[in-house]
Structures are given as C-alpha cells and as structure tokens.
Amino acid sequence: MADFYVTIGLEVHCQLLTRTKMFCQCGTDYIGKAPNTLVCPVCMGIPGSLPVLNEKALELAIKTALAFRCEILPQVVFHRKNYFYPDLPKGYQISQYNFPVGVNGFVEFFTQGTKKRVRIKRVHVEEDAGKLIHEGLGLPPNSSGVDFNRCGIPLVEIVTEPDIHSPEEARDYLVMLRSMVRYIGASDGNMEEGSLRCDANVSVSPSPLELGTKVEVKNMNSFRSVFRALHYEIERQKRVLLEGGMVIQETRHWDEREGMTVSARGKEEAEDYRYFPDPDLLPVAIKPEDVEEIEKTLPELPLERRERFMTEYELTESEAGILTQEKDIADFFEACLREFRKPRLVCNWMLTEVLKNLNELNIDIMQSKITPGSLVELIKMVDKKEISGTIAKDILEEMFVSGGKVKEIMARKGISFITSEKELERIAREAIEKNPQSVADYLSGKEKALHFLIGQVMKMTRGQADPETVKSLLLKELSSGE
Amino acid sequence: MAIDLFQFREFRIRDYHALLRRGEISVEELLEAFLQRIGSVDGQIRAFLSLNEEGARIRAQKLDRDIPPDEFPPLWGIPVGVKDNICTEGLPTTCGSRILYNFIAPYDATVVEKLKRAGAIIVGKTNMDEFAMGSSTENSAFGPTRNPFDLRRVPGGSSGGSAAALASLETPLALGSDTGGSVRQPASFCGVVGLRPTYGRVSRYGLVSFASSLDQVGPMARNVEDCITLFEVISGSDGKDSTCAPYPPFSRQDIPKEEEIRKMKVGIPREYFSSGVDEAIVRRIEEVLDLLRREGLECVEVSLPHTDCALEAYYIVAPAEASSNLARYDGVLYGLREEGSTLQEMYCRTRTAGFGKEVKRRIILGTYSLSSGYYDDYYLKGMKVRTLVRKDFEEALQKCHFLVTPVSPCFPFFLGERTQSPYEMYLADVFTIPSAMAGIPGISINCGYENGLPIGLQILGGPFREGWVFGLALFLEKMLSLSSPFPLLPERS
C-alpha cells in the first residue's frame with residue numbers, strides 16, 4: 001500500500017478571561033445564566049450602538065501571542081467579517097484580518113518521545129457569537145431561539161501553519177496549547193464547556209512534495225473527538241484516493257455519535273466575508289514598552305518548566321510532563337520541594353496519590369484543602385516509618401476533603417503512631433502465639449497462611465502497620481521459631 | 001394665555017428664556033404653542049414622523065414644577081425635533097424605513113441624553129430619507145416632507161423633516177445628521193441654519209449608522225446663535241463612541257469677535273463656482289463675497305482639485321460601510337420580519353420588503369465594492385481619493401481661515417423631479433460631500449431668496465475650527481440682516 005503524507009493545520013479559539021465583554025460592559029460569566037440576561041444594546045447589535053474596545057482583551061491576546069513567540073505588530077486593526085446568521089446580531093463579526101495581534105510564532109512540545117516545533121501563523125482577537133437554542137425554554141415546535149449571553153465575549157484565535165502530521169501530534173499540540181493559555185491566565189481552556197474550540201484543516205497526499213486537497217473539519221467538542229475526527233478523516237481521504245477518487249475541498253462536521261465526519265452541505269461556494277476595517281473602531285498603536293510590560297508578566301511556560309524539572313530534579317520526561325502540565329500542580333510540587341528537598345519522593349506522591357485523589361474528587365488542586373506543608377509533613381512521617389503507607393493514604397484522602405495537619409487528622413480518626421519496630425515485633429509474636437494452626441500450615445508450605453497472619457497483625461494494629469514491614473517481621477519470627 | 005406664534009419669528013432661545021424667566025408664559029404654554037403650530041401645518045408639510053405629545057407635556061409640567069435655577073440650563077423648556085435616526089428611549093426610531101416601522105429605541109443616544117440634561121423637550125421625530133440616503137426626503141418609506149416655501153418642492157434631505165419643521169416654526173431647534181450633506185443641503189433648501197461638525201466632535205452613540213466614518217449629528221436652528229447653543233450642548237467627548245474626539249464640549253468663547261473676523265481671510269474655491277451651478281445662486285454668493293470685501297475681509301481664490309472625484313469616491317466608501325451597517329436588519333431581533341420556510345428565505349423576504357429602492361441600490365453597490373477581487377479597485381481606491389480630498393482642504397485652508405461656497409448647485413426641486421435619476425439626485429450634494437469626506441466642519445446659512453426660494457451659503461473650516469465658522473456665520477447673519485424664515489402657509493381647512 002502506498003504511503004500517504006498527512007498534513008494538518010489547527011485553528012483554535014479560546015475565550016479570554018476578561019471580566020467584561022470585548023466591546024461593552026456586560027459580564028462574561030455566562031455559564032448557567034438564563035438566556036439573554038448578560039446583554040446590552042452593544043452586544044445585541046441594537047441600531048445606533050457602538051463598540052468600545054476592552055483593553056484587557058487586547059492585553060490578554062498580546063500575552064497569548066507572546067507566549068506563542070509571535071512578533072507583535074505595531075498597529076492592530078479590527079476588521080468586520082460580514083455574514084448573515086441569527087447568532088450574529090450585527091450581521092458582521094468584529095475580528096482581525098491583515099493586522100492581527102501577532103504573526104510568525106512557534107510552539108514546542110513533546111510528542112511521542114521527541115520535541116516538536118509547530119509554527120504559528122497568527123494570533124488574533126475577535127468577538128464570540130451568540131448561541132442558537134433549538135429546544136426547551138418554552139420554544140414553540142420547529143423554532144429556534146438565540147441566546148446572546150455569549151455574544152461579544154473576547155476570543156483569541158491561534159492558527160498554526162500546516163506543520164502537524166498525525167492525530168497524535170494534533171492532540172499533543174492541543175494539550176500544550178491548553179496548558180499554555182491556562183499558565184498565562186488568558187483562558188480556562190475548557191473544551192467541553194466551549195471556552196476552547198478547535199477546527200482542523202486536513203489533507204492527505206501520496207507525495208511529500210505536494211499538499212493534498214484541504215478539508216476543514218469542525219464541530220469537535222473534546223480533545224478525544226479531535227483525535228478521533230482527525231483519525232477518521234485521514235482514513236476517509238486515504239480511502240478516497242486509493243479508490244482512485246478525488247478529495248473535495250469542503251467543510252465537514254464531526255458526528256461524535258456516529259464517529260464520522262459528514263459533509264456540511266450548502267457551503268460549496270466559498271464564502272466572501274468582505275473584510276474591511278471597522279470604521280467604528282480606530283486602529284490601536286501597540287507601543288514597544290507596553291509589549292515589554294506584558295512580556296514581564298509571562299510566567300515560566302510549561303515546556304521550559306518541564307525541561308528544568310528534568311535537569312534540576314532528575315525527573316523523567318514523562319514525570320516532568322505530567323507535573324508541569326498544570327501550573328498549579330507544578331507550583332504545588334515546587335512548594336513541597338522548598339520544605340523537603342527530595343524530588344523523587346515528592347514526585348512519586350504527586351503522580352500517584354495526589355493526582356488520584358484530585359481525579360476522584362474531580363477538582364483542581366487549588367480547590368482542594370491540601371497544602372504543600374501538610375503533604376510534606378505526611379511524606380516525612382512515612383519516610384521516617386512513623387506511619388505506614390496505607391495509613392498515610394487514608395490521611396491524605398482526609399486532607400483533600402477537610403484539610404488540616406497530619407496530627408490533627410490522626411487525632412480525629414483515632415490513629416496512633418507505630419513508633420518502633422519493637423512494638424511491632426511484640427504484636428507479630430503475639431499473632432504467632434495466638435494462631436498455632438496457621439503457623440503449622442505455613443511451615444508445612446501453605447503460603448496463604450502467612451497472609452492470614454499478616455492480616456491478623458494489621459487487625460491488631462488497626463491497619464496502622466506497614467504490611468511489608470509486618471511481613472518481614474513475621475518471616476523473621478517464624479524462621480527464628482523453627 | 002394664547003400665544004401668537006408670529007411673535008416668535010425672530011426669537012432666539014434667550015428670548016424664550018426671558019419670557020419664561022419673567023413668568024409671562026410657562027414651559028407648558030410654550031410647548032402647547034408649538035404643538036398647536038404642528039397641528040395646524042404639519043398635515044401639509046409632514047415634517048414629523050411621530051410626535052411625543054404626551055411625553056413632552058409631562059416633561060413640560062415637570063419643568064414648570066421644578067424651580068428653575070438662577071441660571072437656566074441652556075435648553076430649559078425648549079422644544080427640539082429629533083431626526084428619526086437618532087435613538088430616543090421609548091419613542092419610535094424608524095430611520096424612515098419600513099424595516100424599522102415598529103422599532104422603539106430602548107435607550108437614548110448620547111446627544112439625546114445631553115439634550116435632556118440641558119432641559120430640552122423632545123417634541124417628536126422628524127422625517128428623513130430612508131437611513132439618511134437621499135437629498136430630498138422623498139426616500140422616506142412614510143411619504144415625503146414638503147418644502148414650507150413651496151409645497152410642490154422638496155425640503156432637501158436627508159434631514160428634510162428637521163429643516164422643514166424649523167422653517168415652518170413647528171420647532172425652534174432640531175437635530176439632523178450629515179453623512180454627505182444631509183444637514184447642510186436641507187438647511188439651505190429651507191432657509192435655516194445647519195452645522196455639520198468636525199468628524200468626532202459629536203458622539204455618534206445612538207445615531208443609527210449609515211456610513212460610520214462620515215456620519216455626524218448636526219445642530220439645526222432658525223438662527224446662528226441658537227445653532228451655537230445647541231452645538232455647545234451636544235458636542236464633546238463620549239466614552240461610548242471610540243471615534244469621538246477626547247475634547248470638552250464646544251464653547252462660544254472660541255468664537256472670534258467681529259473685529260477679529262474682519263481681519264480674517266476668506267478662501268473661494270473656484271471649483272465650486274463652475275458651470276453646473278445655478279446662475280442666480282452664483283450671483284448671490286458673489287454679492288455676499290463683495291459685501292465681505294467691503295467690510296475689510298480679504299478674499300482669495302483657492303483650488304480644491306479633487307472636488308470631482310470626491311463625489312465618486314463618496315459613492316464607493318459610503319455604500320460600502322452602509323452595506324455592512326445595514327446587515328443587522330435581518331428580521332431576527334427587531335423590526336420587520338417576513339416569514340419564510342427557510343432562514344435564507346426569511347432574510348430575503350424581510351429585506352426585500354423592508355428596504356426601499358435607494359437603500360437596496362446602495363447595499364448592492366457597497367457589497368460589490370467590498371467583494372474580494374474588487375476591494376482594491378474600489379473600496380481601497382475610494383479611501384485613497386479620500387486622502388487626496390482631505391489634503392486639498394488642508395492646503396487650501398493654509399491660505400485662508402475659511403472657505404465660502406454655495407451649499408447646493410440648485411434650488412429646491414419639485415417632488416418627483418429627480419427620483420428617476422439617481423445621479424441627478426447625487427449631484428445635489430456635490431458641494432457638501434468633499435468636506436464630509438475630509439471630516440471638516442461646515443455650516444449652511446441663508447443668504448437670500450430668489451423667486452421666494454432660499455439660497456444657502458456654506459462656510460467650511462479646518463478640523464475643530466467651528467469657532468471660526470460660527471464667527472463668520474454670525475457676522476454674515478448680522479450684515480445681511482435677513483429675517484428668519486416664516487413662510488406663510490395656507491391654513492388647514
């Protein structure tokens with residue numbers, strides 16, 4: 001079978017975390033709000049109303065462009081993108097065209113074990129549209145409503161060059177993008193809630209020297225669906241080519257349920273958006289000193305931090321990757337290290353127990369009650385064998401939910417310290433004395449009997465002993481008793 | 001008391017205020033006099049699209065109850081007619097279009113807020129060419145307004161309703177809007193005063209957009225002094241309009257004294273006295289220029305070489321912006337909706353039924369010139385010509401303080417005379433469009449009559465030089481000692 005060369009370009013929209021909309025004073029916290037409660041004449045496109053730029057939106061867009069290593073243009077211009085749709089109350093979207101915020105950037109990330117660079121074509125800022133509602137809210141049948149709460153929320157659009165060559169790369173790029181916009185506080189990057197949206201241009205070619213026909217894939221609502229949709233679309237195009245057909249340049253919608261892309265009909269004609277500079281808004285000069293100020297606010301970005309973690313703390317690429325994906329996790333990790341400089345140990349606890357608890361509770365680390373101090377306290381106690389690993393995990397769970405220091409939780413739960421191995425030896429001997437039958441069974445070769453004895457010790461210590469230690473103590477006693 | 005409106009013929013706001021201050025009339029009585037006048041003559045003139053009688057009476061009564069401060073707010077108790085493309089909370093704002101026949105503005109335009117704060121009473125909304133596209137008010141979806149000087153003739157446009165209402169003393173003050181001459185040309189046709197301010201001098205927030213880079217709200221009055229007062233009230237920066245200049249409101253302190261005016265230099269652009277202009281108009285303007293010379297002002301000939309292309313460029317740039325600005329009238333949120341079986345059909349039917357011929361013409365024109373492949377040849381080129389036009393004025397105004405020109409090349413024409421020929425209609429704005437493209441201020445004042453029809457004189461100044469423009473206008477008004485218009489209208493039977 002012939003080799004095919006896959007080329008993918010991604011266009012990602014992220015809602016910017018501004019308090020108010022891009023061109024009016026309406027709030028942006030629209031999730032869960034009743035329709036059309038966060039609206040005003042400006043974002044509803046009422047005749048006579050005029051836009052006034054929210055400078056915070058521009059600042060966050062510049063910050064995003066800087067994070068993606070773009071050149072910042074000295075002047076940004078807002079253009080009108082003209083088209084008719086009910087969710088677009090002015091009949092045009094205020095967007096950017098030939099003078100976007102930033103151009104010619106790049107981003108690097110790890111994918112399948114190697115570092116990859118994707119060039120960024122442009123970063124621009126624009127306003128979001130409203131949302132059509134097709135059912136509920138007392139709508140009569142066969143009718144739709146429009147909710148304008150979302151309309152006018154600032155979006156940053158990040159467009160790649162066609163540098164991505166597999167669904168895996170696309171996914172890893174998106175993971176990095178999401179991580180970055182969250183690091184810099186530009187967006188919460190929540191794809192399921194629609195604050196991050198991704199469209200893809202996909203083409204497949206039998207030759208590495210020329211690009212195939214480009215197909216735009218839309219309507220992917222999660223990282224997983226981007227991955228699946230790209231996979232599907234690549235296979236579809238390959239099949240078309242293998243069967244001697246031609247790929248048609250078109251827009252296709254991803255159908256999550258059917259697991260396939262479907263041609264969006266009625267869009268055969270290329271739309272002409274008739275871009276022109278919005279005469280209601282003046283071009284904005286971007287001063288180099290303002291860009292410098294914004295640049296100063298950029299935190300260490302995920303990739304740099306990952307690489308630093310690898311060298312400074314001797315973590316593997318994958319460990320460092322997981323720890324640095326979310327800024328709060330990475331900050332938490334480093335806060336722990338400031339109090340207890342054992343990166344390997346803290347890393348293990350973070351990657352297993354801490355992330356597990358966060359996942360189970362489905363919260364962010366900032367939402368949990370745990371503090372770096374209390375985690376370190378716990379790890380130290382285990383390290384000194386003052387408590388067993390099992391007990392520590394129980395205590396940790398409690399820390400996530402109700403917070404508090406290790407000793408407080410132990411007092412609350414009635415857990416005491418196993419301070420010495422002497423004490424444990426005594427309990428182990430007691431277990432052996434009380435269960436002669438099991439001892440006999442074990443000595444006659446029944447391994448299971450040992451587990452019973454371990455269970456007995458654990459019971460007697462109310463689970464506070466470390467099973468491994470108990471096992472070795474029992475073995476020692478049993479062999480000495482022979 | 002019964003008020004004889006004839007005595008108001010030469011009144012200025014200060015005269016009304018003197019009556020009010022002396023308690024000779026109440027605000028309510030003043031309002032009633034104008035409402036009565038509207039009632040008796042507007043059936044023929046049709047300057048108003050809607051009246052705010054109830055709201056105005058309530059407001060007048062409130063103003064009468066409020067103890068007026070020692071110093072009256074500048075427009076205390078003064079009725080104002082507002083062009084129907086300026087949003088007035090709770091009142092219809094139709095823009096003279098069927099597509100907004102039922103639209104009630106949910107908010108006040110910044111200029112309307114300022115009027116109200118200054119004590120004015122919004123008496124009603126005045127007729128206009130649909131979306132301010134036209135020069136005769138014949139493009140109103142609700143029928144034309146007639147010229148009070150001759151009911152067979154047009155009042156000019158697009159602010160024809162405001163101009164006619166002033167001329168017939170249905171209101172002492174009015175707001176218009178000027179995109180390519182829509183304040184000055186009707187002011188000229190109706191013998192009243194109308195200022196197009198420097199672009200950015202008055203907030204556009206709440207002025208329904210036709211061509212955003214050209215639209216300006218303009219004050220209109222029966223005399224220059226009232227026009228100045230109204231301009232002082234409505235001008236100044238506005239945080240709601242990014243294109244509004246960050247300057248404080250205009251102040252009459254900036255108007256040069258008469259003796260300073262006499263020392264100033266008048267530019268006469270030769271292109272504005274070409275063969276296309278009615279001879280009687282040229283003659284009258286030249287008489288006025290002679291008078292100025294006699295009064296000691298130096299008059300110099302200047303040239304604005306791109307005058308011809310300005311009109312052409314305007315008809316590229318303005319429709320392009322309009323095609324986008326008028327996209328929002330789609331039947332979804334407000335205004336007319338004609339149902340269809342698909343979304344596309346609903347859009348088509350709504351816009352087909354809602355817009356008039358001239359508006360459709362300009363939407364198509366503008367859509368075309370913004371289309372990919374044509375953008376560079378049309379829109380971009382139009383913008384380049386615009387820069388040349390601006391430079392013409394910059395250069396000319398370095399040689400003089402202001403320019404004096406006719407407002408219109410012709411007298412008010414008959415209704416229907418030019419409706420079949422859009423280009424003829426467009427020519428009516430040939431002397432007002434270039435300065436609009438340049439963004440500079442211009443005023444139209446009456447300078448005489450020929451066969452009972454008024455002749456308008458235009459004074460143009462540099463950006464933010466309204467003070468000089470007003471200075472010369474006041475000087476001329478005094479020298480010409482023309483009385484404010486009071487065309488005698490046949491009483492309604």
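This is a predicted model: local features need pLDDT of at least 70, side-chain atom pairs count only at pLDDT 80 or more; totals for chains, interfaces and linings use all residues.

Student: At what angle do helix H6 and helix H8 of chain A pack?

Tutor: Helix H6 of chain A (residues 317–325) packs against helix H8 of chain A (residues 343–361) at about 60°, and their axes are 11 Å apart. Angles of 65 to 115 degrees count as roughly perpendicular and those under 35 as roughly parallel, so H6(A) is oblique to H8(A). Their crossing is left-handed.

Student: Which residues make the contact between H6(A) and H8(A)?

Tutor: From H6(A) come Glu319(A), Ile322(A) and Leu323(A). H8(A) supplies Arg344(A), Cys347(A), Met350(A), Leu351(A) and Leu355(A).

Student: How do H7(A) and H9(A) cross, left-handed or right-handed?

Tutor: The crossing of H7(A) and H9(A) is right-handed. Helix H7 (residues 327–339) and helix H9 (residues 372–383) of chain A have axes that come within 9 Å and cross at roughly 55°, and the two are therefore oblique to each other. Among the residues that meet are Phe332(A) and Cys336(A) in H7(A), with Leu375(A) and Val376(A) in H9(A).

Student: Next, the strands. What holds a sheet together?

Tutor: Strands of a sheet pair through backbone hydrogen bonds, either parallel or antiparallel. In chain A, nine strands form an open sheet with mixed pairing, in the order S2-S6-S7-S10-S1-S11-S12-S13-S14. Its edge strands, S2 (71–72) and S14 (260–263) of chain A, each pair on one side only.

Student: How many bridges join S7 to S10 of chain A?

Tutor: Seven bridges join strand S7 (residues 114–127) to strand S10 (residues 154–160) of chain A, and the two run antiparallel. Glu127(A) stands opposite Pro154(A) in S10(A).

Student: Which helix lies across S6 and S7 of chain A?

Tutor: Helix H5 of chain A (residues 302–312) does, running at about 35° to S6(A).

Student: How many residues are in the largest nonpolar core?

Tutor: That core has 235 residues, and those with the most contacts inside it are Tyr173(A), Leu115(B), Phe131(B) and Ile459(B). Helix H2 of chain B (residues 27–45) gives the most to this core, with nine residues. A second, separate core has 38 residues, including Val354(A) and Met399(A).

Student: What is Leu115(B) in contact with, apart from neighbours within four places in sequence?

Tutor: Its partners include Leu75(B), Val80(B), Ile122(B), Leu175(B) and Leu230(B).

Definitions and conventions:
Residues are numbered from 1 along each chain as its sequence is written. Chains are lettered from A and ligands numbered from 1 in the order in which they are written. Side-chain values use heavy atoms; hydrogens and water are left out. A nonpolar core is a set of buried Ala, Val, Leu, Ile, Met, Phe, Trp, Tyr and Cys residues joined through side-chain atoms within 4.5 Å. Buried means under 20% relative accessible area, exposed over 50%, partly exposed in between (1.4 Å probe, protein chains only). Helices (H or I, at least four residues) and strands (E, at least two) are DSSP runs, numbered from the N terminus. Contact means heavy atoms within 4.5 Å. Two strands pair if DSSP finds at least two bridges between them. Axes are lines fitted to C-alpha atoms, for helices over the stretch in contact, and angles run from 0 to 180 degrees between N-to-C directions. Angles under 35 degrees count as roughly parallel, over 145 as roughly antiparallel, 65 to 115 as roughly perpendicular and the rest as oblique. A crossing is left-handed if the near helix is turned anticlockwise from the far one by less than a right angle, and right-handed if clockwise.
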